[in-house]
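Hi,

Here is the structure I promised to pass on to you. Please open it alongside this email, and my notes on its cavities, pockets and ligand follow below.

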Amino acid sequence: MSKIILTGDRPTGKLHIGHYVGSLRERVRLQNSGEYDEIYIMIADAQALTDNADNPEKIRQSIIEVALDYLSCGLDPEKCHLFIQSQVQELCELSFYYMNLVTLSRLERNPTVKSEIKLRNFETSIPVGFLTYPISQAADITLFKATTVPVGEDQLPMLEQTREIVRSFGNIYGEGILVEPKALLPDNKNCCRLPGIDGKAKMSKSLGNCIYISDSPAEVKQKVMSMFTDPDHIRVEDPGKIEGNTVFTYLDAFCKDEHFPKYWPDYNNLQEVKDHYQRGGLGDVKVKKFLIKVLEEELAPIRERRAKWEQDIPAVYEVLRKGTEAARAKGRQTLSEVKAAMQINYFEDEELIRQQAERFRNKI
Ligand code: TRP
């Protein structure tokens with residue numbers, strides 16, 4: 001069986017380095033591993049509209065930001081199809097049929113959707129499209145017969161919902177058409193979620209605590225220097241805490257042993273730095289300056305690629321257009337198999353027409 005990846009992001013702004021360690025870095029690795037037959041990366045604008053119906057301009061402007069982030073991080077249009085969700089109408093069609101396979105109470109139990117509803121204060125005025133986005137996400141995944149969906153932990157309920165739909169579909173309409181996908185989580189625990197620079201659990205645009213993939217060296221520097229550390233670590237001699245110390249959480253996600261000879265030869269590895277910090281005698285500023293160098297090593301080539309693509313925005317849209325065409329070709333194929341299995345392929349089914357012609361001719 002082919003190994004196929006599908007994953008994507010909602011375009012509600014530019015992506016931050018939390019997205020980078022949580023998913024983009026992994027996607028580039030998977031793309032370059034050569035292990036996958038087809039890779040689809042989707043800009044999920046239709047899903048973004050489920051809770052931004054009144055702000056289409058935000059979504060429209062964010063598509064290019066996300067596309068630039070993808071290309072600058074090293075996603076290669078020669079190796080993967082980058083596409084825009086709303087332009088693949090087969091997704092809507094498939095979602096519509098899946099709606100018959102899912103109950104309202106099942107949707108209301110989805111823990112990710114539940115917490116998002118709370119976060120957005122929807123309370124009793126939940127848009128139907130929002131409540132049902134896990135169904136549309138199941139269509140996103142299965143239209144491409146994806147076997148592997150690289151995502152963060154918060155997306156596990158969507159994968160579970162997708163597998164349930166695939167099973168119901170198989171039971172009713174026949175096995176072997178749709179594929180049950182598996183989630184692929186980032187392996188390093190620290191990579192699952194980077195906190196904001198203020199130490200809050202999540203980076204979020206509205207909290208203003210993000211470092212963006214597209215930030216300039218000056219912005220990165222200024223943000224790291226203002227980063228939350230250990231509030232009780234007042235004088236250099238004081239012992240410091242590592243847990244909940246944002247600078248160390250970021251180092252866990254980005255730092256490699258090779259960084260030490262180049263940027264901080266006083267130590268051999270991150271553990272030695274942590275030990276010193278915990279003992280006391282190591283100041284925050286030194287650790288932060290090291291973090292800036294570590295981040296820059298990763299971000300500088302990304303920035304360079306971005307600058308090139310920014311000079312040719314029409315070429316970025318051309319990448320998306322081509323990717324969308326490839327996605328549609330795949331989508332049309334799956335949808336025709338689905339419709340045949342569901343017996344709604346009237347015009348393609350010559351046998352049906354022949355049988356009925358005979359039935360009516362003979363009045364049986
Ligand atoms: N729900 C994902 C997010 O919020 C975006 C998304 C839409 C997605 N469809 C998908 C992710 C299909 C993986 C597979 O980031």
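Ile 5, Arg 27, Leu 30, Gln 31, Ile 39, Ile 41 and Leu 75 line the second largest cavity, in what is, please keep in mind, a predicted model. Its volume is about 30 Å³. Helix 1 and strand 2 (38-43) each contribute at least two residues to the lining of this second largest cavity, and helix 1 gives the most, with three residues. Sorted by class, the lining of the second largest cavity holds five nonpolar residues, one polar and one charged.

How many cavities of 30 Å³ or more are there? The count comes to two. The largest cavity has a volume of about 40 Å³, and around it you will find Gly 22, Ser 23, Glu 26, Pro 150, Val 151, Leu 184, Leu 185 and Pro 186. Helix 1 (residues 17-33) again gives the most here, with three residues in the lining of the largest cavity. By class, that lining has five nonpolar residues, two polar and one charged.

- Arg 10: an N or O atom of the side chain is 3.2 Å from an oxygen atom of the ligand.
- Gln 137: an N or O atom of the side chain is 3.0 Å from a nitrogen atom of the ligand.
- Gln 155: an N or O atom of the side chain is 3.0 Å from a nitrogen atom of the ligand.

Taken alone, the ligand exposes 360 Å², and the protein buries 90% of that. The ligand takes up space in the largest pocket.

The largest pocket is lined by 48 residues, and Arg 10, His 19, Glu 116, Asp 154 and Lys 202 are the closest to its centre. At least two residues of the lining of the largest pocket come from each of strand 1, helix 1, helix 6 (111-119), helix 8 and strand 4 (148-150). That lining divides by class into 16 nonpolar, 18 polar and 14 charged residues.

The second largest pocket has a volume of about 240 Å³. Of its 16 lining residues, Ala 46, Thr 50, Cys 92, Ser 95 and Ser 136 are the closest to the centre. Helix 2 (45-49), helix 4 (90-98) and helix 8 each give two or more residues to the lining of this second largest pocket, with the largest share, four residues, coming from helix 8. By class, the lining of the second largest pocket has seven nonpolar, eight polar and one charged residues.

Happy to talk any of this through.

Best wishes

Key: Residues numbered from 1 in each chain as written. Predicted model: local features only at pLDDT ≥ 70, side-chain atom pairs only at ≥ 80, totals over all residues. Heavy atoms only, no water. 1 Å grid on protein atoms, 1.4 Å probe; cavity = no way out; pocket = protein on both sides within 12 Å on 5 of 7 lines; lining within 4 Å. Points joined across faces, edges and corners; volume = space filled by probe spheres on them. Nonpolar A, V, L, I, M, F, W, Y, C, P; charged D, E, K, R; others polar. Polar contact = N/O pair within 3.5 Å; in protein donor to acceptor, adjacent residues only side chain to side chain. Areas by Shrake-Rupley, 256 points an atom, 1.4 Å probe, with all protein chains shown as cover. Sits in = over half its atoms within 2 Å of the grid points.
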